[in-house]
Structures are given as structure tokens and as C-alpha cells.
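Please walk through the model below, sheet by sheet and core by core.

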Amino acid sequence: MLLIRADANAAIGTGHVMRCLALAQAWQDSGGNTVFAMADCSSSIKERLQKEPLSVVEISDESGSSDDARRTAELAHDHGAAWVTVDGYQFGAEYQRTLKALGLKILFLDDYGHAQEYCADIVLNQNISAGESAYKRCEPATRLLLGPRYCMLRREFYPWREWNREIAPIGHRVLVTMGGSDSQNFTEKAMDALGLIDDEKLEIAIVVGGSNLHYESLQRAAVGHRKKIRFYHDAPDMAELMAWADMAISAAGTTSWEICLLGLPAILISLAENQVPVAQELHSRGCAIHLGGPHQVSARSLAGPVAHILSSESDRHAMSWRCRELVDGRGAMRVVAAVQGSRLRLRPATENDSRLLWEWANDSQVRAASFSSEPIPWETHVAWFAEKLKQQSCRIWIAEIDEKNPVGQIRVDPRADGESEIHVSICKPWRGRSFSEQLIRLGSRSALNGGGCARLHAFIKVANVASLKAFETAGFEPIGVEWIRGAEAVHLICETN
């Protein structure tokens, strides 16, 4: 069970809750249950959560107060939740300390180091500008998850992770999406800007969030507009609209990451101070164009850049490619793996694991990633495994969440030069959830710190991009490319500090 503490209203927007919804969905997909605890929640957001279905419990205490923290802890214990996810700028260092003192583990979502001090078990900042410098005052055990690798996107975006955008010579379709509330009504200014563009084929799709108080006035403004406009109130499938559009005019909030996954060229408007660093960094990397805040941008100053992007196939192609390089849509799974990975434990393999390891080794994906792709006969495996168990210099661990949930295996073999080589595999039900990095870290730590090993080597086929990323993220450094049994492999090493 996971308890999520976040709020949403017209003033603070819906971004905190919507990214927590992505986490809740990934948690559900891993077999867990989730409940939201909210002190402030618009009716539209509550309905959205309950459609999942997700439970929503109301908190009557002042949001972010010590009473709020104690009530949140009480709810977590009542629901059997060992972890609490906290997302919102009203939650600070004291809030974390209260939850920790009451026996809870904390996943703390952050954007710019607003709490200053952190005792949470995991701090997540998914922004492109995230850096360790903002988290110098953390507890030694606090783990940092930083950068777009951990961008949490909702389940509706999963099918689009491998989709490739076709770039039209001239764009005619514009998506306008200014977040869940758009309290400053920049949407109407965007409508005015699009009315200035000389393109009879221009089509406009406007997404109006459930917390937007300007919906009726926007509809009135659309009457007699020069362009074809369609409104979507709480659009059920944003991914579909993003795939339809040639470009977007968007707030620089959590939608930025959805835009990146879909490779959608965009003009970003920073509707809040916390959106500025994200928008500026995306601009500097050529992923989008940031024009500034709502008071810095007029309808006329917006119309020019929109017209340019629509007319420039090369610019749209470059922006789309850079966006897709940044976000892969698996961030929520990585976060879930980090939380669940804290429960992972290693135990030495025994004779009773022989069949389990044989079945894992003969999995088609494991054989394809190996330097010998032929299936392993049972008799061959039994003799090999018995010999490995006898060797004191060889260590084999089974990684598991509990006795009923083995996740994978780690083996460390001695080398002729006195150093060691590591091998890791994940069993099929747990693949795609970013457990590889966790297992590599655990195995490396056990071998380097407690196994008398000074340096670990790993050899990964060049085409096995996922494994290469997992090893590098876990602290291994590539030092070259070698040929092993006719296959090109990257040679990586990890050493004791």
C-alpha cells in the first residue's frame, strides 16, 4: 500500500496531483494499492482519481501543518502503508521529520530544493535542471532520483513510447494546453495570437482543465473566431491530441514531459516561478521555445514564433528529435522500482535454486543477451551449478522482495587477474520495471565491500542498450569495446571508493 499526500485547486494547479496519479498507476501495475490523502481537492480532480479507481480521503487540517503530518501518518498506519509520497511546496523539513518520527518511509517530490533540509528516504526531482547542489542538506541515507529519467507520465502515454512522429512539410494543427487551471487565462491570449496567423487551413485544439474557471468565457470568445477551434474539457486522451498536433502552445509544467515523449515541437509559457528553470533549460537544449511568463508575452509576440515553427519543417524535426532523446516514458516505473527496491534483499543461492536459475537462464531474452545463445541442457546446468557452489571465490545471490517474489540473480566470478566479473539477470515478470539498476547496485556493493573484491568488470553486448544504461546508472564506467565470441561488447568497470 502507498499513501499519497498532495493537493489540487485553482490556485496551486493540478500538476502535483497529476504526476502523483502517474505514480499511482505505475504502483497499481506493479500489484500495489494506493490511497490519496488531500486537504484541498477540486471536484473534477476527485472524480478523475476515483475513475482509476483510487481512494480519496479528505484531511481537515491546515495543509502542510504538523497536525496535517500527524493525520497523514495516522491514515498511513490505518491503511497499512509503509511509504508516504509527499508532493507540494507547503510540505517542508518539519513535515518530513514528523512522518519519519512516526515510523514511515517517505518519497518526497521536489522541484527546486524548497524544503532546504531533507530526511526523506527518497527525494525525487524529475526536472531537467535538477542537480545535487540543491540537496546538500540531506540525511546520509537519503537517495536522490534526479532528472528526466524519472519523469512520471500517466498510463495513457505508455503505448506511445516507441511511436515515431512524422513531420509535415507545413504544419497546420496547433494544440493549446495551459494546465489544469490557467488562473491567468493565457489560453484566450493564445486564441487571439492564432487568429493573427494567415493560414486558412489552421486547426486549433484547446484543452481546458477541470479546474479552469474561464471555460465559458473561452467558448464565448471562440464565437466568430477566424479559425476552426475545438474545445476539450478535461481531455480523456492527451496523448492522442499531442500525436495529432504539429506543434503546441503549452504551460511549462508537467505537460512539458508529455510533450517531450511525443516529440511535439512547442512554445512554452512559464505560468509560475517554479516552471521557469524547466522552460529555460528545454529552450537552451533546443527542445522547445520559451517566450517567458504570461505578462511578458502578447498575442502579437506569440503569433510570430508560432507561424515560424509551423512553416519550418527543419526546426520542427530538430525539436522533435531532441525531445524524444530526453524522455522515454518509463520514469514512473523507475520510481516504483526505487521504492520497491528498498525492500530488495540478497540471499546466497542454494542447491534448491538450481531449477529456478536454469529456467531463468533459458529464457529467450536472457539467451539473446548472452554471448552463447544456445539453450542450456538441464544436465549441463546441474553440473555447472554444483561446481559453482563449491567455489569459494564464486558468489551467487538471489534477489527477492520476499520468499514468494524472487526478482533476479547476481553472480560474481573470479578472473585470472585476481579481479571479478559480474553477471545480472532479471526474471521475466519483473522486467521493464527498472529493477536492473537496483540489483547491480546491491550486487556490486556486496562484492566490493564484503567480498574482498577491488574491481568489478562487466561485458554487455553493444545492442543491449537497456543493460548498458542500467550498469552506467549503477556506477559502472565504460572503458572500451571488445569482441567476445564473435559479438561486439562494451567493457565496463566499477571500483571501490
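## Terms and basis

Axes are lines fitted to C-alpha atoms, for helices over the stretch in contact, and angles run from 0 to 180 degrees between N-to-C directions. Helices (H or I, at least four residues) and strands (E, at least two) are DSSP runs, numbered from the N terminus.

This is a predicted model, in which local features need pLDDT of at least 70, side-chain atom pairs count only at pLDDT 80 or more, and totals for chains, interfaces and linings use all residues. Residues are numbered from 1 along each chain as its sequence is written, and side-chain values use heavy atoms, with hydrogens and water left out.

## A helix pair

The axes of helix H5 (residues 186–195) and helix H10 (residues 299–311) come within 8 Å and cross at roughly 60°. H5 is therefore oblique to H10. Angles under 35 degrees count as roughly parallel, over 145 as roughly antiparallel, 65 to 115 as roughly perpendicular and the rest as oblique.

Contact means heavy atoms within 4.5 Å. On the H5 side, Phe186, Lys189, Ala190, Asp192, Ala193 and Leu194 make the contact; H10 supplies Ala299, Leu302, Ala303 and Val306.

## The six-stranded sheet

H10 also lies across strands S8, S11, S12 and S13, running at about 145° to S11. The open sheet has six strands in the order S10-S9-S8-S11-S12-S13, with parallel pairing. Two strands pair if DSSP finds at least two bridges between them. Strands S10 (228–233) and S13 (289–292) are the edges, each pairing on one side only. From one strand to the next, the twist averages 20°.

Strand S8 (residues 173–177) pairs with strand S11 (residues 247–251) in the parallel sense, over four bridges. Here Val174 stands opposite Met247 in S11. Helix H9 (residues 276–284) packs on the sheet too, touching strand S12 (266–269) and S13. The direction of H9 makes about 135° with that of S13.

## The seven-stranded sheet

Another open sheet has seven strands, ordered S3-S2-S1-S4-S5-S6-S7, and its pairing is parallel. Strand S3 (55–58) and strand S7 (143–146) form its edges. The twist averages 20° from one strand to the next.

Helix H1 (residues 15–29) packs on this sheet, touching strands S1 (2–6), S2 (34–38), S4 (83–87) and S5 (105–109). Its direction makes about 160° with that of S2. Helix H3 (residues 66–78) lies across S1, S2, S3 and S4, at about 155° to S1.

## Two buried residues

Phe91 is in the loop between S4 and helix H4 (93–101). Phe91 counts as buried because its relative accessible area is 0%. Buried means under 20% relative accessible area, exposed over 50%, partly exposed in between (1.4 Å probe, protein chains only). Not counting residues up to four places away in sequence, Phe91 touches residues including Arg5, Asp7, Phe108 and His114.

Glu258 sits in helix H8 (residues 255–261). Glu258 is buried as well, at 5% relative accessible area. Leaving out residues up to four places away in sequence, Glu258 touches Leu153, Arg154, Phe157 and Met242.

## The largest nonpolar core

A nonpolar core is a set of buried Ala, Val, Leu, Ile, Met, Phe, Trp, Tyr and Cys residues joined through side-chain atoms within 4.5 Å. The largest one has 37 residues; among those touching the most other members are Phe435, Phe471 and Phe476. Helix H16 gives the largest share, six residues.
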